[in-house]
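Here is a short briefing on one protein chain. Look at the fold first, then follow the points by topic.

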Amino acid sequence: MSKVLLILHVLAAVIAIGPVTVAAGMFPAAARKAFAEPGSGLSVLRMVNRICRVYAIFGLAVPFFGLATAGSMRVFGDGWVIVSIALTAAAAGVLALVVLPGQNAILAALDAEPPTEPVTAGRVAMYTGMFNLLWAVVTVLMIVRPGSTTGA
């Protein structure tokens with residue numbers, strides 16, 4: 001059962017987190033362009049924002065299957081699992097509380113007449129980078145598994 005849960009956990013991470021990471025990374029540059037050339041790129045921004053929102057919901061499967069996998073492998077108390085859980089929660093918080101609301105504020109500003117930039121694309125880019133970095137660290141922890149006896 002552990003292998004099935006691990007497969008589902010990895011598939012969920014690749015299928016859900018990958019698109020959010022890429023789409024969120026595309027958003028700031030597209031927002032800068034949309035502010036520089038009003039009326040251009042708004043549909044792209046809306047699509048990228050939708051990808052982020054939808055895949056963020058699917059991304060909830062990643063910690064679900066991760067917790068189930070950790071339980072079935074009896075590694076809940078291992079330090080790398082605890083750190084991964086904390087970093088995953090932090091990444092989810094950054095995405096839900098800063099990145100997505102920042103994207104929504106930029107979209108609302110672009111819909112206003114005249115367009116004004118209340119939340120800078122640079123700030124959204126910074127928090128998107130933090131989100132991506134947190135996931136990169138979690139990925140490394142999942143591969144290296146400090147203290148693991150598997151020799152990996």
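How close do the axes of helix α1 and helix α5 come, and at what angle do they cross? They come within 9 Å and cross at roughly 160°. Axes here are lines fitted to C-alpha atoms, for helices over the stretch in contact, and angles run from 0 to 180 degrees between N-to-C directions. The model is predicted: local features need pLDDT of at least 70, side-chain atom pairs count only at pLDDT 80 or more, and totals for chains, interfaces and linings use all residues. Residues are numbered from 1 along each chain as its sequence is written, and side-chain values use heavy atoms, leaving out hydrogens and water.

**Overall build**
- The protein chain has five helices and zero strands. Helices (H or I, at least four residues) and strands (E, at least two) are DSSP runs, numbered from the N terminus.
- Its C-alpha atoms fill a box of roughly 60 × 25 × 20 Å along the principal axes.
- Of the 152 residues, 34% are buried (under 20% relative accessible area, with a 1.4 Å probe and protein chains only).
- Among contacts with a separation of 6 or more, 77% join residues 24 or more positions apart. Contact means heavy atoms within 4.5 Å.

**α1 with α5**
- Helix α1 spans residues 2–36, and helix α5 spans residues 121–144.
- Their crossing angle makes α1 roughly antiparallel to α5 (angles over 145 degrees count as such).
- The crossing of α1 past α5 is left-handed: the near helix is turned anticlockwise from the far one by less than a right angle.
- Residues in this contact include His9, Phe27 and Arg32 of α1, and Phe131, Trp135 and Met142 of α5.
- The contact divides into 12 nonpolar, six polar and one charged residue. Ala, Val, Leu, Ile, Met, Phe, Trp, Tyr, Cys and Pro count as nonpolar, Asp, Glu, Lys and Arg as charged, and the others, Gly among them, as polar.

**α1 with α2**
- The axes of α1 and helix α2 (residues 42–58) come within 8 Å and cross at roughly 155°.
- The two helices are therefore roughly antiparallel.
- Among the contact residues are Ile15, Val20 and Phe27 of α1, and Leu45, Tyr55 and Phe58 of α2.
- This contact has 18 nonpolar residues, one polar and no charged.

**Record annotations**
- An unreviewed UniProt entry lists residues 47–68, 80–100 and 124–144 as "transmembrane region". Such annotations may be inferred rather than shown by experiment.
- Residues 47–68 are 91% helix, with end C-alpha atoms 32 Å apart.
- Residues 80–100 are 100% helix, with end C-alpha atoms 28 Å apart.

Note on methods. Parallel < 35°, antiparallel > 145°, perpendicular 65-115°, else oblique. Buried < 20%, exposed > 50% of the residue type's maximum accessible area, 1.4 Å probe, protein only.
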